[in-house]
Structures are given as C-alpha cells and as structure tokens.
Amino acid sequence: MWRLQRFRVVGSLPVLIWLLVQSFCVNYAGGKDLDPSYFRNIDDKRRGRIPTKKEAVWRGEDGQLWKYHGTLELAERLRGLEKRCKKIIKVEKIGKSTLQKTIDAIRVSKAVGKGGVLPKVKIIGNVHGDEPTGRVFTVALAEWLCDMMEKDSKASDVLSKVDLWLIPTMNPDGFEKKRRENSKGVDLNRDFPDRFSSKSMETSGKEQIETQLMMDWILEKGPFVSSLAIHEGALVANYPWDGTEDKSTKYQACPDDSTFKYLATKYATTHRKMSLASNKEFPNGGITNGAAWYPIYGSMQDWNYIVANCMELTLEVSENKWPHESLLSSMFEDNRKAMIDFILRSAHGGFTGVVYGIQSSRKIKENIPIAATIRIGASELNTTSDRKTGRFHRPLAPGRYSAEISAVNFKPKLLQIELPEDGTGIFLPIHLNSDVGKATTGVAIHTLDPLLEYQSGMVLFACGGITLALLWFIHSVLTYRYRKDGSLMNIIRK
C-alpha cells in the first residue's frame, strides 16, 4: 500500500512535465500569437540566408556587360549566360521580327527545369528602338541574380519565389536603325488593341509582327502577375490609364488606381533618384498617371491590364535617350533595388492564397486544389488560381477590400480582407463548397501559408516526440528500484 501511495505522488511528475511541454509547443507552434517570421528565420538560418548588416556588393566588372550589343552579339551573350547559369537560366525564342531578327526571352528562376508553380513577372526592354537601356538592364539583372544567388537574400528570394521572364528587346529592327519605330515605321507602343477603338479588345489583324508575337507569347506563357516596360525620355514610373475618351490630357483612374499608384510610388522611392526634387519633369514624387502626362492609345500597359490581367508599369529610366555607355552601370544600380522590390512586392505583397474545392465522396470530404477566379471590388482584373495547385497571386495596396472567389460547380464565397500597412500582404487558404446556391460570406484573417503550416506541424510533432521520450525516461527512473519486485503493474497491484 505504501508503494502505491508513493507511486501516485511521484508518478504525477510525468503528467506535470507533459503539460508544461505541450503548453510550450502549442504556444510557439500553434498559438494565436504566432509570429510567421519565427519560422521564416529558422528556415533562412538553416539555408544560410539571413542577410548580414553589410550588403553583399556586386561590381559587374565585365566591361562587355555595359554596352549596347547588336543582335548577334546579344544572342551570343545570352548563350554564354545560359551555359554559365544553366540551373536557373533558360533562354527561349519568342519569334522573329519583320526583318527576321530573333526576339528572345530569358527565364530566370529556380523553377527552371523543375515542376511547381510560382507567380510570373516579366520585364520588357527596347519597345522603342531608340530607347535601348532595357537591352542592358534585363541582361544585367539576369547576371546579378546568377552571381548573387548565394550571397544576397533578395536575389535568393526572387529566384526561389518568382518565375521571372526578361525580354531584352521587343524591337530589334528599330534598334539596328536607331529609331523609335519598327522597320515599317510603326510605333509598337501605339499598336496594341485599345479600349476605345475596340470594346472587346480583339486584334484587328493589322498589328505589327512584333506586337502580335508579344501578345501571343504573353497569353501563352501567362498568366503574368505584373510587368515592367523600360523606356527613356524622362525619369518617372507611369501607370494606367494611358488614354481618355475625349482625348484630353487629364487624370484617368483605372479601377485598380490605388494599387497602381502604390506600386509606382514604391518603385520611385526605392529608385536612387526618381522621387527626388531634382527630377526635372517630375519633382513631386517621380510618378504619373499616363493620361495626366499625355494621352496615348494602343499602349502595351493598358492592353496588359485589360486582356492579360497583368499589372504593368511603364518606366522612363533616363531623361536623355540612348545614354552614353559609360553611364549604364550606375543607371542600373539606380534601378536595381527598385526592380527587385517591384518583383517581390507585386508577386507576394498583395492578396495571395490557395483555393480548394470541398468535394464529398463516399461520405469523405476532400479538399482539392481548383481553378477559381478572384475578383476585387469593381476591378476589371480577373486573377485566376492555378488548376493544379490552387495558388493565386493578386497585387494589392494595403487597405480593406471585398473579394469574391468563384469557380464552376462550386458555391462562390465573399470575403472582407485587410492587407497590412507594412506591405507584406496576406495569405489565405480558401475553401469552396461544391453545392451550388447562395454565396457564403466571411471575414478574412491573416493566416500562415502552407510552408509555415508545415513547419508548425513539424514543431508540434517534434514536441510530441520529446514528451514521449521524457515520459519513458521518468518511467525508467521511477521503476528502477522496483525491478526486483517485477513490473510497474505488479507494484500497483500490491
């Protein structure tokens, strides 16, 4: 009897320790006060990606990089780049220009040669033949990402979190002739279907070869989340709309005006010079609405927004066209951080998530990733989730929005979402019921993405293992002195 009473007192120790360990685990892995950066920091430390206080320096000392390469020289450089960085870079042919010059795209991502779906972002250079800095910036950005992927946390983030596409030149014929238009004298940034000339935005059949190639390629490779088009002639980040119905010069806001203005402002302020008061034409922040500057029609950025559901900014990166080659290195550095920030912010700093369809089969409910449409308020931008993974990425400025998520054969869901002011965006798993009927409503909360949920689960699993190990150890210690009397159950029976 004495032994049983002693066991009851001392035997409570495992229960107490179990409660303490579980409390710690739940608090740090599954509690409501979980800080997502906790897991990200663990993951980054494991991969050696925590940035140091001193930023890694890329000198770009290859003298041939800072030159305006002709068509054959550019092709040769791209082949060398692909060979040197084959794990993350692949050069793909888009097509040929009117004069049969190759138009290439550089894919830069750790997704090259692998499966998986990452948000796609593109940067297009040399739309106007006499504005060639984009030819240099796109190649330099690919070089920087290759050289710095193990040295710079932002480079690593871009390569692991984004499917980036860089098009050095859209107008190789105009470049060779050193003129704005293509070989047929057409301005390619006035050659896209326009919302005023065609409400359906269908092609007329009169578009130039280069324009048609770009439209076909964007729609085939997309959907692209966001885009930059590099021009020269000013220092400004330009956003839609580009035109007005009465052709007057005035501010013409599109339904996503706040998000476009937000992205343009972030680009200008991250740029080393664009937002400064020394900016001659745009001293008040370095951004402009296209139509408020001067209205144009048939622009690529308006077409991207309406037809391709892609948010594009038109960047003017030099007040002088065709800047001297000696300035290219410093000009690239002026823009590099802004380009990287735009890529990551537009791809991951908005409303992102996974859409699941709840399907009942043999009394078992299954969550299956589905293709769904995500609409924000009155916006004309329709974001779609990937049919294999259910993932979606929708650029949005911080603030409150109403969102509708719908899919064929599923009940639509209405959400009220709020994006934090720090620009980190939100990630939501969204579940749609297969029953067709009245839409469901809800309020979105800031939740973890699947990676963080997985890591949280692993922490809980590890804590469970530690708990079992402690219980086994304490059981062994408590029963050691009684082993001559038999098992613990025999002691209890006595």
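Buried means under 20% relative accessible area, exposed over 50%, and partly exposed in between, using a 1.4 Å probe and protein chains only.

## Glutamine 64

Glutamine 64 counts as partly exposed because its relative accessibility is 38%. This is a predicted model, in which local features need pLDDT of at least 70, side-chain atom pairs count only at pLDDT 80 or more, and totals for chains, interfaces and linings use all residues. Residues are numbered from 1 along each chain as its sequence is written, and side-chain values use heavy atoms, with hydrogens and water left out.

Glutamine 64 sits in the loop between helix 3 (36–47) and helix 4. Helices (H or I, at least four residues) and strands (E, at least two) are DSSP runs, numbered from the N terminus. Leaving aside residues up to four places away in sequence, glutamine 64 touches His69 and Arg77. Contact here means heavy atoms within 4.5 Å. Glutamine 64 and arginine 77 are 13 residues apart in sequence, and their C-alpha atoms are 9.3 Å apart in space.

## The largest cavity

A cavity is a set of points, on a 1 Å grid over the protein atoms alone, where a 1.4 Å probe fits but cannot get out; lining residues have an atom within 4 Å of a point. Grid points are joined across faces, edges and corners, and a volume is the space filled by probe spheres set on the points. The count is two cavities of 30 Å³ or more.

The largest cavity holds about 70 Å³ of space. Its lining includes Thr71, Leu74, Asp104, Arg135 and Pro168. Helix 4 (71–84) and strand 2 (102–108) each supply at least two lining residues. Helix 4 gives the most, with four. By class, the lining has five nonpolar, three polar and two charged residues. Ala, Val, Leu, Ile, Met, Phe, Trp, Tyr, Cys and Pro count as nonpolar, Asp, Glu, Lys and Arg as charged, and the others, Gly among them, as polar.

## The second largest cavity

The second largest cavity has a volume of about 60 Å³. Among its lining residues are His69, Leu74, Arg77, Arg135 and Val139. Helix 4 and helix 5 (133–148) are the elements that give two or more residues to this lining. Helix 5 gives the most, with three. The lining of the second largest cavity has five nonpolar, one polar and three charged residues.

## Salt bridges

The structure holds 20 salt bridges. A salt bridge is a side-chain nitrogen of Lys or Arg within 4 Å of a carboxyl oxygen of Asp or Glu. Lysine 122 pairs with glutamate 312, with the closest N and O atoms 3.3 Å apart. This pair links distant parts of the chain: lysine 122 is in strand 3 (residues 120–124), glutamate 312 is in strand 8 (residues 311–318), and 190 residues separate them. Both lysine 122 and glutamate 312 are buried.

Glutamate 131 and arginine 180 also meet in a salt bridge, at 3.5 Å from N to O. Glutamate 131 lies in the loop between strand 3 and helix 5, and arginine 180 in the loop between helix 7 (172–177) and helix 8 (209–221), so the pair ties together parts 49 residues apart in sequence. Glutamate 131 is buried because its relative accessible area is 2%. Asp130, Glu131, Arg180, Asp187, Arg190 and Lys321 are linked in a network of salt bridges.

Technical notes:
1 Å grid on protein atoms, 1.4 Å probe; cavity = no way out; pocket = protein on both sides within 12 Å on 5 of 7 lines; lining within 4 Å.
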